[in-house]
Amino acid sequence: MKIIRAASELKPDGRKVCLAIGFFDGVHLGHQQIIRQTIADAVQHEAIALVVTFDRHPNSVVAPDRVPPLIYSLSQKLRVISSLAADALLLIHFDRPFSEQPGETFVRGLARDLGQLQSLCVGSDFAFGHKRSGNVSLLKTLGEELHFTVHGMAAVSLDGKAVSSTRIREAIRAGDLDAASQMLGRAYSLSGAVIKGDQLGRKLGFPTANLDVTGLVLPPNGVYLARVQVQGHTHRAVVNIGSRPTINSPDPQLRVEAHLLDFNPDLYGQEIEINFMDKLRDEQQFPSLDALKEQIARDISHAKSRF
């Protein structure tokens, strides 16, 4: 999938363009329906299927006090969208000037820069533009003028409730990763770049890869059995999520640390993806580092017996 940063980079060479527009956090079943409708339109009309999304949550600019923790990092979101086989993705930098653009101006700009639009697909409650001035009704009005079809897709339901990013976040926080996976349409996973920690795991004899999970929603604190994707390979792992209460730090930080079993490469700067299999135990405070070390050894032994 080709990733572009400006609509003018697409260069459709006379072909019409079918658009799917949204933030698509989690790329869940509802998002997939929008993107697949766009791909189906493109196949039918020999057009280009283009997904349009943003590099950050709009609230990070327009309402910083109401930014939800995200299900996926940007790179993970792009990987999942790519797997759906759209032709290209337009990644828009969402900043203050962009947020002040009226919805109509945004759509007219896309039509101008992309050439002839064939269709535009969004969720039925999609709102966009300055002060959320754009909606499906506006899109249909513009579609009549500019000669493109508009699909306002109804939400996908699961267990009698609409699938949404908000509902998935709630499931992850509650530790109901099976429910999150069902709504995502794939196994829930957590992805982040490996950053340098304080080397405590290495000192205890159990080196860990510390993930940068800034801005992401996390499962409950505890120790998990997991599989970790590293450079296209899968490794068994024990993952700890928590603030390490045994350390008695004056400024405890929430951490996600993965100890890969029988594999200890230098992963700094690389992105890894954690697929949670089961929770081994809750986070707990131990009377000493030696007691913590003994428990980690038991956790690893338990994990190895489960694989």
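## Cores and salt bridges in a predicted model

Asp278 is partly exposed, with a relative accessibility of 31%. This is a predicted model. The largest nonpolar core holds 88 residues. The salt bridge count comes to 13.

**Nonpolar cores**

- Within the largest nonpolar core of 88 residues, the members that touch the most others are Leu19, Leu50 and Val239.
- Strand E3 gives the most to this core: 6 residues from the run 48-54.
- Val239 has contacts beyond its neighbours within four places in sequence, among them Gly222, Val223, Tyr224 and Ala226. Val256, Glu257 and Ala258 are also in contact with Val239.
- A second core is separate and has 12 residues, including Leu204, Leu225, Ala291 and Ile300.

**Asp278 and Arg306**

- Asp278 forms a salt bridge with Arg306, and their closest N and O atoms are 2.6 Å apart.
- The pair links distant parts of the chain, 28 residues apart. Asp278 sits in strand E14, and Arg306 in helix H10 (residues 289-306).
- Arg306 is partly exposed at 39% relative accessibility. Asp278, at 31%, also counts as partly exposed.

- Glu273 and Arg79 meet through their side chains in a salt bridge, at 3.0 Å from N to O.
- Glu273 counts as buried because its relative accessibility is 18%, and buried means under 20%.
- Arg79 is partly exposed, with a relative accessibility of 38%.
- A network of salt bridges links Arg79, Glu271 and Glu273.

**Asp55 and Arg56**

- A salt bridge joins the side chains of Asp55 and Arg56, at 3.0 Å from N to O.
- Asp55 counts as buried, since its relative accessibility is 18%.
- Arg56 has a relative accessible area of 36%, so this residue is partly exposed.

**Background to the pairs**

- Side chains of opposite charge can pair when their charged atoms come close.
- Among the 13 salt bridges are Asp55 with Arg56, Glu273 with Arg79 and Arg306 with Asp278.

Note on methods. Residues are numbered from 1 along each chain as its sequence is written. This is a predicted model: local features need pLDDT of at least 70, side-chain atom pairs count only at pLDDT 80 or more; totals for chains, interfaces and linings use all residues. Side-chain values use heavy atoms; hydrogens and water are left out. A nonpolar core is a set of buried Ala, Val, Leu, Ile, Met, Phe, Trp, Tyr and Cys residues joined through side-chain atoms within 4.5 Å. Buried means under 20% relative accessible area, exposed over 50%, partly exposed in between (1.4 Å probe, protein chains only). Helices (H or I, at least four residues) and strands (E, at least two) are DSSP runs, numbered from the N terminus. Contact means heavy atoms within 4.5 Å. A salt bridge is a side-chain nitrogen of Lys or Arg within 4 Å of a carboxyl oxygen of Asp or Glu.
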